[in-house]
Amino acid sequence: MFAYPSGHAHVGHVRNYMIGDVLARMKRMRGYNVLQPFGWDAFGMPAENAAIKNKTHPEKWTRENIAHMKDQLKRLGISYAWEREFATCDREYYKWNQWLFLKMFERGLAYRKKSSVNWCPSCQTVLANEQVIDGACWRCVTEVNTRDLEQWFFRITEYADELLYGTEDLRQWPDKVLTMQRNWIGRSEGSLVKFKVSDSDDSIEVFTTRLDTIFGATFVLLAPEHPLVDSFAVESEDSVRFGERLEKFRALDRTARSTGQIDKEGFDTEKFAVNPFTGERIPIWVANFVLVDYGTGAIMAVPAHDQRDFEFARKYGLAIRVVIQPSGSSETSGESLESAVTEHGLVVNSGDFSGATSAEARRSMMDVAETQGSGKSHVQYRLRDWGISRQRYWGTPIPIVYCDVCGVQAVPLNDLPVELPPIDEFTGRGDSPLAQLSDFVQVSCPKCGKDARRETDTMDTFVDSSWYFYRYCDPHNEVSPFDVAKVKYWAPIDFYSGGVEHAILHLIYSRFFCKVLRDLGMVEHDEPFIRLLTQGMVLKDGAVMSKSKGNVVDPDEMTETFGADSLRLYEMFVAPPEKEIEWTDSGLEGSARFLGRVWRLVLPFAPVIAAGEIPSIDELRLNNDERSLRRKTHQTIRRVSEDIDPRVHLNTAVSGLMELVNALYAFCEKTRLGPYHVPSEEADATTRDRQHAVIKEGIESLVLMLSPFTPHLAEELWEEMGYVDALEYAEWPNCDPEVAQEDELMVPVQVNGKVRARVLVSLNISEDELKQTALTLPQIQTYTANKEVKRVVVVPRKMVSIVVK
Ligand SMILES: [Zn+2]
Ligand SMILES: [Zn+2]
């Protein structure tokens with residue numbers, strides 16, 4: 001995932017980039033054509049907020065931050081294809097946001113509707129959700145309320161089913177992310193039912209998954225924004241008080257309302273609805289926790305069988321009627337219930353339907369409702385269309401013109417981009433910044449040429465990040481967002497990593513864009529990312545690093561003291577990539593010490609290797625110690641290769657390399673070589689040849705396998721060893737399975753089903769020898785003494801099982 005240019009990358013951010021770099025470097029050495037690009041998610045609120053605070057321009061702030069962070073990443077040696085770098089605030093990029101918007105507009109996938117926004121009455125301005133802090137404006141601390149504006153939406157719900165069922169094909173995504181996406185889409189099957197408003201032609205439609213409980217619906221709840229509420233207010237006996245209560249509800253924080261983190265309150269509208277099944281008149285109330293943009297904005301309340309309705313009914317003394325009895329329950333009285341009964345069961349108190357099961361009742365009630373015309377079956381989604389309008393400056397201008405004669409007009413494709421106009425001062429007050437620029441707003445209608453006005457909203461920055469990965473395949477294209485053939489060559493993305501905070505929005509929007517682009521004939525795949533890794537955060541003192549907490553570890557400082565490679569190695573070694581890590585300076589020092597150890601091991605042999613006089617290892621007759629070191633080398637190659645790709649267990653890969661270093665040191669100590677060299681103890685020439693040959697193989701493999709983790713040190717050692725071509729053109733070492741094969745193995749020995757001993761035997765031991773060895777083990781003889789051995793089963797290379805009586 002590309003980066004938001006917040007200013008300074010901390011060690012937590014760069015962990016993600018290092019994971020990708022290890023994979024990219026290794027894949028390159030294995031002969032793959034690797035595209036590892038980088039760019040900047042450069043539009044957004046923080047730049048504009050900084051501009052308001054510091055009287056600077058968002059672009060200046062953004063470009064400076066990009067320059068600084070790029071420098072940081074370069075110093076860490078991350079092998080990005082910098083020639084493909086771009087920032088989403090480049091006009092060459094956001095032009096294509098506009099182009100894609102217009103393609104979606106053409107297809108009815110971009111449309112306008114009224115929707116509410118946060119509003120600061122003092123600044124007279126729209127606030128983004130993140131500018132509302134505890135219900136107050138971030139600038140002036142005035143209490144925030146909401147207001148309705150015409151805004152642009154992307155019809156993501158058109159793809160709801162495909163986005164949902166597509167998750168089944170994402171086999172290399174973490175389960176928790178898939179679950180979050182499924183919940184976000186929130187598909188539920190149920191019924192839409194109409195409750196007529198008493199003495200009126202209006203009716204209220206509700207969605208329910210529990211039609212079987214409708215005889216227990218004793219009141220109806222409306223969202224404060226429900227279209228009928230305003231007329232109820234007018235007809236109310238005390239419309240002023242009604243209006244005040246409504247205002248209070250509507251001003252509540254929308255997020256808190258949607259998550260239910262508010263005191264649940266309501267009031268009587270003095271109106272009644274007719275339950276289509278009982279014919280009963282039931283009261284209509286307004287409740288602050290009912291949302292207009294979820295479902296129909298109205299609820300049939302069944303307090304006996306829904307906990308929230310139950311609490312509401314108890315609080316306001318509304319009727320509670322039991323209509324379901326789960327097995328084992330005989331409760332019939334609403335008054336004595338202590339909480340709602342939400343299980344399915346047998347339907348009671350429900351006229352002709354009494355005695356049916358919940359499922360049966362739902363079917364037959366649906367038939368009745370359909371015949372009556374009071375209901376129909378319906379699939380509802382939690383997923384809403386994606387509101388992309390932002391009343392802000394620092395984003396992609398929406399390429400639309402409003403003409404009094406011709407209506408809503410697309411800016412002609414040839415006139416793109418609609419550029420962000422220069423702006424001198426950011427006040428953070430009043431109309432959205434673009435609306436305050438009359439030169440920008442005034443335009444002639446592309447159709448009739450008369451005076452018209454431009455759309456002044458900019459796009460949600462999630463639009464920018466929903467397709468940027470395709471642009472990397474063809475970043476300088478001036479005639480289209482990207483060349484179809486180039487994207488076909490590279491995409492879909494094989495490996496994508498980033499924070500789990502993007503599990504829902506960014507990833508679902510990108511999946512949506514992929515499907516839209518597919519339907520536009522621009523990509524051929526259904527899903528943009530094959531494998532997803534969500535890396536764990538880096539904590540310091542148990543908390544996420546943040547400027548405000550003052551616990552940020554700056555990679556520059558660490559690089560200054562310990563070197564970039566130590567930092568890279570530490571962050572990969574300390575835990576599996578998906579796990580959180582707790583930053584410790586001592587851990588980083590440990591990595592630095594290890595690299596010192598590698599350096600001191602390799603350097604003495606570098607001239608020997610560079611001289612090119614060591615004979616080929618295959619022509620030599622090795623002794624046991626030499627064979628054993630070779631075996632360790634090849635076992636390490638196998639383990640490290642698999643740990644990096646496909647497993648991405650980078651921490652265990654590093655442990656493997658550390659073990660190999662230990663084995664090489666032990667060999668050197670025994671043979672008086674390298675760091676332990678003693679001139680007076682020279683061995684004969686053929687012995688030295690054999691020793692040098694196995695050490696050369698070990699050291700070269702070590703340096704090659706370390707290189708994705710610590711490219712600087714590895715490259716330096718590689719050169720010292722006499723190689724002219726850069727290490728990144730070298731081939732990844734190969735494991736020879738025969739050399740890696742152990743010649744001894746540990747076999748467990750059971751007596752009457754319990755393991756009583758383990759024995760180390762030669763790989764080529766015969767079944768009979770193995771049986772005899774097992775029976776003569778002293779630990780086994782204590783169990784077999786004075787007993788009759790009934791049976792001995794030998795499973796070659798696996799185990800020996802002895803049955804005694
Ligand atoms: Zn304000
Ligand atoms: Zn016109």
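Modeller: Valine 117 touches Val126, Asn145, Thr146, Arg147, Leu149, Gln151, Arg254 and Gln391, leaving aside residues up to four places away in sequence. Contact here means heavy atoms within 4.5 Å. This is a predicted model, so local features need pLDDT of at least 70 and side-chain atom pairs count only at pLDDT 80 or more, while totals for chains, interfaces and linings use all residues; side-chain values use heavy atoms, with hydrogens and water left out. Residues are numbered from 1 along each chain as its sequence is written, and chains are lettered from A and ligands numbered from 1 in the order in which they are written.

Valine 117 sits in strand E1 (residues 110-120). Helices (H or I, at least four residues) and strands (E, at least two) are DSSP runs, numbered from the N terminus. With a relative accessible area of 6%, valine 117 is buried. The classes are buried under 20% relative accessible area, exposed over 50% and partly exposed in between, with a 1.4 Å probe and protein chains only. One of the listed contacts, Asn145, is 28 residues away along the chain, with 8.4 Å between the C-alpha atoms.

Compare a loop position. Glutamate 501 lies between strand E22 (493-498) and H16. Its relative accessibility is 60%, so glutamate 501 counts as exposed. From glutamate 501 to valine 177 is 324 residues in sequence, but 9.8 Å in space, C-alpha to C-alpha.

Now the metal. Cys403, Cys406, Cys445 and Cys448 coordinate the zinc ion (ligand 2) through their SG atoms, at 2.2 to 2.3 Å. Donors are N, O and S atoms within 2.8 Å of the metal (3.2 Å for Na, K and Ca); water is not among the atoms, so sites may look incomplete. The angles among the 4 donor atoms run from 107 to 113°, and the site is tetrahedral. For four donors, that label needs all angles between 85 and 135 degrees. The donor spacing in sequence is C-x2-C-x38-C-x2-C. Cysteine 445 is buried at 3% relative accessibility. Cysteine 448 is partly exposed at 31%.

Next, charges. Side chains of opposite charge can pair when their charged atoms come close. The structure holds 44 salt bridges, each a side-chain nitrogen of Lys or Arg within 4 Å of a carboxyl oxygen of Asp or Glu. Arginine 568 pairs with aspartate 21, with 2.7 Å between the closest N and O atoms. This bridge links distant parts of the chain, 547 residues apart: arginine 568 is in helix H18 (residues 564-573) and aspartate 21 in helix H1 (residues 11-29). Both residues are buried.

A local bridge joins arginine 639 and aspartate 643, at 3.9 Å between the closest N and O atoms. The two are 4 residues apart in helix H21 (residues 624-644), so about one helical turn separates them. Arginine 639 is partly exposed at 30%, whereas aspartate 643 is buried at 3%.

Arginine 688 bridges to glutamate 682, closest N to O 3.5 Å. Arginine 688 is buried at 8%. Glutamate 682 is partly exposed at 47%. Elsewhere, shared partners join Glu162, Arg511, Lys515, Arg518, Asp519, Asp526 and Glu527 into one salt-bridge network.

Then the rings. There are 49 aromatic pairs. Rings of Phe, Tyr and Trp (its six-membered ring) pair if their centres lie within 6.5 Å; planes under 30 degrees apart count as stacked, over 60 as edge-to-face and the rest as tilted. Phenylalanine 86 and tyrosine 472 have centres 5.1 Å apart and planes at 40°, so they are tilted. The pair spans 386 residues, from the loop between helix H3 (58-75) and helix H4 (91-106) to the loop between helix H14 (468-471) and helix H15 (484-490). Phenylalanine 86 and tyrosine 472 are both buried.

Phenylalanine 154 and phenylalanine 513 are edge-to-face, because their planes stand at 65°, with centres 6.0 Å apart. Phenylalanine 154 is in strand E5 (residues 145-154) and phenylalanine 513 in helix H16 (residues 505-519), 359 residues apart. Phenylalanine 154 is buried at 1%, and phenylalanine 513 is buried at 2%.

One aromatic cluster includes Phe2, Phe86, Trp467 and Tyr472.

Finally, charge over ring: NZ of Lys or CZ of Arg within 6 Å of the ring centre and within 35 degrees of the ring normal. Lysine 113 lies over the face of phenylalanine 153, 4.6 Å from the ring centre. Arginine 454 has its charged end over the ring of phenylalanine 440, 5.5 Å from the centre.

How values were computed
Four donors count as tetrahedral if all angles lie between 85 and 135 degrees; four count as square planar and six as octahedral if opposite donors are over 155 degrees apart and all others between 65 and 115; anything else is irregular.
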